[in-house]
Amino acid sequence: MDSSLFYKKLEKITASGISPRVIQSGQGAYLVIKGKKQLNFCSSHYLGLAVDHRLKKAAISAIDKYGIGTGYRTLAGTHTLHLELEKAIAKFKKTEAAVVLSSAYMANCAAIQTILGKEDIVVSDELNHASIIDAVKLSQVKNKFIYKHVDTKSLEDQLKQASKLALTPKSDGEKPIILIITDGVFSMDGDLAPLPEIVKLAKKYNALTMVDDAHGEGVLGKGGRGIVDHFGLLGQVDIEVGSLSKAFSVTGGFIAGKKVLIEFYNQKARQRLFSIALTIPDAAAALEAVNILQKSDTVVKKLWDNVNYLKSEFKKLGFDIGKSETPIIPIMLHDENLAINFSTKLFELGVFATPIKFPMVSKGKARIRVIPSASHSKEDLDLGIKAFEKIGRKLNVI
Ligand SMILES: Cc1ncc(COP(=O)(O)O)c(C=O)c1O
């Protein structure tokens, strides 16, 4: 294909794309978009830390002291802040150790690619996050078993097949690894992985377990320690991946687990060897966020008070909020145009909540995904609820 044809093809594909709303303020309870104040009803800054003065102060003081840039962790880029952050995460998560990478996307790639080879075996929930799917592709694993979403019967069926396959040694004579991978919180529906059953089945079939808890860190469990703590499974999940960009409101991702596993990632993960470390302000702000949660669960409690109130008001009004068990509240509308129209009308009333449609969710499952945060007051939530009620009635949804 010559280059003019190539660019024409790209033009055709991108012509129907929707440009995102541009945010002109910090991400607190409200945002400014097109110069207008909007209630922030859809960001993943669950704890309101994106505009928290303590994080700002930590970043500013670190910049004053150390500047901005760092480097490559294995060359000249491991800063004392990186080590402090990893230590603080491991302490918070109650794991032996942790390693920080530039995002949870990178952490998933590192977590999977570094330990699996072509002849190992993956058993994965069908709705796992795109970064897990990409990470599995990157590992070039040939034997992938996909189980029905959160369905433990389907998981066991797949594990039976996987364990039969694992009887044949790899070409190096070793036994293949079976790795079960699941999101902790599924980011479109807000439902939870059945982790206790997954751990039980992993023991039965000699599999390792990995949970991507990007949306559970800072949200679930005691003081926001994540889904493993939520289910009382400390020490029983081999690999925990978390994001520093959601509840912690900065950027970065981490893998937490046993010391020997983390040391293996430190030495072998290509995403750590060949990609830059967190900058100084990112590391300092993330460290502050983890320390805030280590000391107090006040913001986590406030988040859940807001979530419970909002869910109960939405239900009272007759909205279908799906099967959410977390702060991710899908307002199920099913029809794509209805979801887009609903979101546009909310925006006119000063409420920012984006429509979610294919390919993010399957066709016929369009929705508005509402996410409240700890930064909302009851008055803020009531303002949002009123807007949903008004539009819901107007569009015959309730
Ligand atoms: C389940 C899950 N895993 C990983 C990620 C990637 O997180 P990050 O933005 O830190 O790369 C996301 C982000 O949306 C996610 O929802």
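Let me start in a loop: Lys 94 is found between helix H3, residues 80-93, and strand S3, residues 97-101. Phi of Lys 94 is near 60°, which is a positive value in a residue other than glycine. Its relative accessible area is 47%, so Lys 94 is partly exposed. Please keep in mind throughout that this is a predicted model.

There is another residue of this kind. Val 150 sits in the loop between strand S5, residues 143-147, and helix H6, residues 152-165. Phi of Val 150 is near 50°, again a positive value in a residue other than glycine. Val 150 has a relative accessible area of 28%, and it is therefore partly exposed. The cut-offs here are under 20% for buried and over 50% for exposed, with partly exposed in between.

Now the chain as a whole. The secondary structure of the protein chain comes to 14 helices and 13 strands. The C-alpha trace spans about 65 × 55 × 50 Å along its principal axes. What radius of gyration would a compact globule of 398 residues have? The value would be near 21 Å, and the protein chain has 22 Å, which agrees. As for burial, 53% of the 398 residues are buried.

Next, the ligand. The shell around the ligand has 15 residues, and those that come nearest are Ala 104, Asp 212, His 215, Ser 243 and Lys 246. Which ligand atoms do some of these side chains approach? For Asp 212, a polar side-chain atom lies 2.5 Å from a nitrogen atom of the ligand. For His 215, an N or O atom in the side chain is 2.8 Å from an oxygen atom of the ligand. For Ser 243, a polar side-chain atom lies 2.8 Å from an oxygen atom of the ligand. On its own the ligand has 390 Å² of accessible area, and the protein covers 82% of that.

How does the shell around the ligand divide into nonpolar, polar and charged residues? Three are nonpolar, nine are polar and three are charged. By element, helix H4, residues 104-113, gives the largest share of the shell, with three residues.

On to the strands. S1 is joined by four bridges to strand S2, residues 36-40, and the two run antiparallel. If you want a place to look in this pair, Val 32 stands opposite Lys 37 in S2.

A second pairing to find is that of S10 and S13. Strand S13 covers residues 366-370, runs antiparallel to S10, and is joined to S10 by five bridges. Met 332 has Arg 367 in S13 as its bridge partner. Is strand S10, residues 329-334, mostly covered or mostly open? Mostly covered: five of its six residues are buried.

The peptide bond from Phe 358 to Pro 359 is cis, with omega near 10°. Pro 359 lies in the loop between strand S12, residues 355-356, and S13.

Two more residues, and then I am done. Pro 281 has its place in helix H11, residues 280-295. Why does Pro 281 count as buried? Its relative accessibility is 16%, and the limit for buried is under 20%. Pro 281 and Glu 263 are 18 residues apart along the chain, and their C-alpha atoms are separated by 25 Å.

Gln 236 is in the loop between helix H8, residues 227-230, and strand S8, residues 239-243. With 32% relative accessibility, Gln 236 counts as partly exposed. Gln 236 and Leu 208 are 28 residues apart along the chain, with their C-alpha atoms separated by 9.7 Å.

That is what I have for today.

Definitions and conventions:
Residues numbered from 1 in each chain as written. Predicted model: local features only at pLDDT ≥ 70, side-chain atom pairs only at ≥ 80, totals over all residues. Heavy atoms only, no water. Near = heavy atom within 4 Å. Polar contact = N/O pair within 3.5 Å; in protein donor to acceptor, adjacent residues only side chain to side chain. Areas by Shrake-Rupley, 256 points an atom, 1.4 Å probe, with all protein chains shown as cover. Nonpolar A, V, L, I, M, F, W, Y, C, P; charged D, E, K, R; others polar. Buried < 20%, exposed > 50% of the residue type's maximum accessible area, 1.4 Å probe, protein only. Pairing = 2+ DSSP bridges. Rg over C-alpha atoms; globule rule 2.2 N^0.38 Å.
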